[in-house]
Amino acid sequence: MSSLAPALLTGEARTGREAPPGEGATSPIAALVERAREGDGRAFDRLMVETQERVMGLAWRLLGSREEARDASQEVYLRVFRHLGRFRAGEDFHAWLYRITVNVCRDSIRRRRRNPPAPAFPVEPSRPPEAEEDLLGAERWNLLLEALASLPPKERAALVLRDLEGLTSEQVARLLGSRAATVRGQIASARLRIRNFCVALIGGREALP
Amino acid sequence: MRCEEARKLLALESGGDLPGARDRALASHLEVCRRCRAFSEELALAVAWMRSAAEPVISEADYAAMRREVWRRIESGRGARSSSFGAGRLVLAAAGLLAAVLSLFLLARKSPQESPVASARPAVVEPPPAPPNPTVSSAGPAPSPAHAAEPVRVAVSRPPRSARRRPVAPAGDSAVERIEFRTANPNVRIIWLVRKGEEKSSSMPAGRTEEVS
């Protein structure tokens, strides 16, 4: 689960659940946001460093390719840069960033549907595997991408946000602009497909890594 | 509960998305259905596998390249914005200039009729009331620019507006105004000689067409 999810929960908690009110405003991220809003380029760069793993990871899970994830991440930070002035102090920056990332990925998926890409090259790990653990990790990751690619885009987005990012169904529904019941149906359908994928995998290969 | 319904609920239950009452009904079904219990285990395993494999391997070099590209695009965006702003200013200036030229042109075309000091500036000639060239409009005071005949400015002094408006020219004024039209054919010009002070309707001006070799 991404560490972005607790931040989102914190954002909701400010309205009455867990964290004390105003916690977001005093966090290091909030301070960076404030400095970046005032035009401090170093603060904006630091903000990217602090959040890049979450943004690019989510984009990669949603889009399925490293190249697309990198392009999407660039677009996310460009939008953040352009609209940082509109971001209100005290608002949950992570939730805002999450929303932008999901929107950018959805735009990218729409573009991909309109202009299908040329056949992709085989998936390559971002760095050469150095140990057996790395190899296993890369293999697992590629299998997951394969499984996620078998899902319809809406189910994929719902599943990634709910099961891999750890958001609640209601938060996912808000992000995707759907009803919670619809999102729950999409998540259930996606889990069944993943289960079928795994069963087929076990049948075809030896076992799940 | 049927197995098909139980499996849909199991998919929700595996992520903790099932309300309590449905959860109890599902538990009752699982107690008696061995196949659904196996299905439930597979589902839990699949979700656990998916979660365990969810961390992508992204190197610091990838992140750095991404950040560099973001900064590059921000900088080029600033450049583009400023250059587009400059281009916008140029376009505005050109549009303003064009508007000024157009309004001057229109003003100049109207001035012989409306300006009270028409004699102080070169006059724009009026078209004849019934020009021989059928392409020249006889209805309006000026020929259509789309047509071949085009008035040429001639520097002749004209009487003041009040005098020109008189239906009859003042006695003894024998000055003649020369009106020259160019046609589509560069070799053909239409020249009208009109007595000053005469209204269009009061007399038909004498005209001739000459060919320029």
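## Confidence in chain A

Chain A has a mean pLDDT of 77, and 75% of its residues reach 70 or more. Among the elements of this chain, helix α1 (residues 4-13) of chain A has the lowest mean pLDDT, 37, whereas α5(A) has the highest, 92.

Two stretches of chain A call for caution. Over residues 119-124 of chain A the pLDDT is below 50, and this stretch has 3 contacts in the model beyond near neighbours in sequence. Over residues 204-209 of chain A the pLDDT is also below 50, with 9 contacts in the model beyond near neighbours in sequence. Where pLDDT is low, the predicted coordinates should not be read in detail.

## Packing of α4 and α5 in chain A

Two packed helices are described by the angle between their axes and the distance between the axes. For α4(A) and α5(A) the angle is about 135° and the axes are 8 Å apart, and α4(A) is therefore oblique to α5(A). The crossing of α4(A) and α5(A) is right-handed.

On the α4(A) side, the residues that make the contact include Phe44(A), Met48(A), Met56(A) and Trp60(A), and on the α5(A) side they include Arg66(A), Glu68(A), Val76(A), Tyr77(A) and Phe81(A). By class, the contact of α4(A) with α5(A) has 12 nonpolar, 2 polar and 3 charged residues.

## Around α9 in chain A

Thr168(A) lies in the loop between α8 (153-164) and α9 (169-176) of chain A. Thr168(A) is 16 residues from Arg184(A) in sequence, and the C-alpha atoms of the two residues are 9.9 Å apart in space.

Within α9(A) itself, the buried residues are Ser169(A), Gln171(A), Val172(A), Ala173(A) and Leu175(A). Just after α9(A), Gly177(A) takes a positive phi of about 70°.

The secondary structure of chain B comprises 5 helices and 4 strands, which follow the pattern α-α-α-α-β-α-β-β-β along the sequence. Chain B has 213 residues, of which 18% count as buried. Of the contacts in chain B with a separation of 6 or more, 49% are between residues 24 or more positions apart.

Helix α1 (residues 3-13) of chain B and helix α3 (residues 34-52) of chain B have axes that come within 10 Å and cross at roughly 25°; α1(B) and α3(B) are therefore roughly parallel to each other. The crossing of α1(B) and α3(B) is right-handed. In this pair, Cys3(B), Ala6(B), Arg7(B), Leu10(B) and Ala11(B) of α1(B) meet Arg35(B), Cys36(B), Phe39(B), Ser40(B) and Leu43(B) of α3(B). By class, the contact of α1(B) with α3(B) has 7 nonpolar, 1 polar and 2 charged residues.

## Contact between the chains

In the model, 38 residues of chain A are in contact with 28 residues of chain B. The elements that give two or more residues to the side of chain A that touches chain B are α4 (41-63), α5 (66-83), α7 (132-149), α8 and α10 (180-204) of chain A. The largest share of this side, 9 residues, comes from α10(A). By class, the residues of the side of chain A that touches chain B divide into 21 nonpolar, 7 polar and 10 charged.

Note on methods:
Residues are numbered from 1 along each chain as its sequence is written. Chains are lettered from A and ligands numbered from 1 in the order in which they are written. This is a predicted model: local features need pLDDT of at least 70, side-chain atom pairs count only at pLDDT 80 or more; totals for chains, interfaces and linings use all residues. Two residues are in contact if their C-beta atoms, placed from the backbone, lie within 7 Å. Ala, Val, Leu, Ile, Met, Phe, Trp, Tyr, Cys and Pro count as nonpolar, Asp, Glu, Lys and Arg as charged, and the others, Gly among them, as polar. A residue is buried if 20 or more other C-beta atoms lie within 10 Å of its own, exposed if 12 or fewer, and partly exposed in between; C-beta atoms are placed from the backbone. Axes are lines fitted to C-alpha atoms, for helices over the stretch in contact, and angles run from 0 to 180 degrees between N-to-C directions. Angles under 35 degrees count as roughly parallel, over 145 as roughly antiparallel, 65 to 115 as roughly perpendicular and the rest as oblique. A crossing is left-handed if the near helix is turned anticlockwise from the far one by less than a right angle, and right-handed if clockwise. pLDDT is the predictor's confidence in each residue, from 0 to 100.
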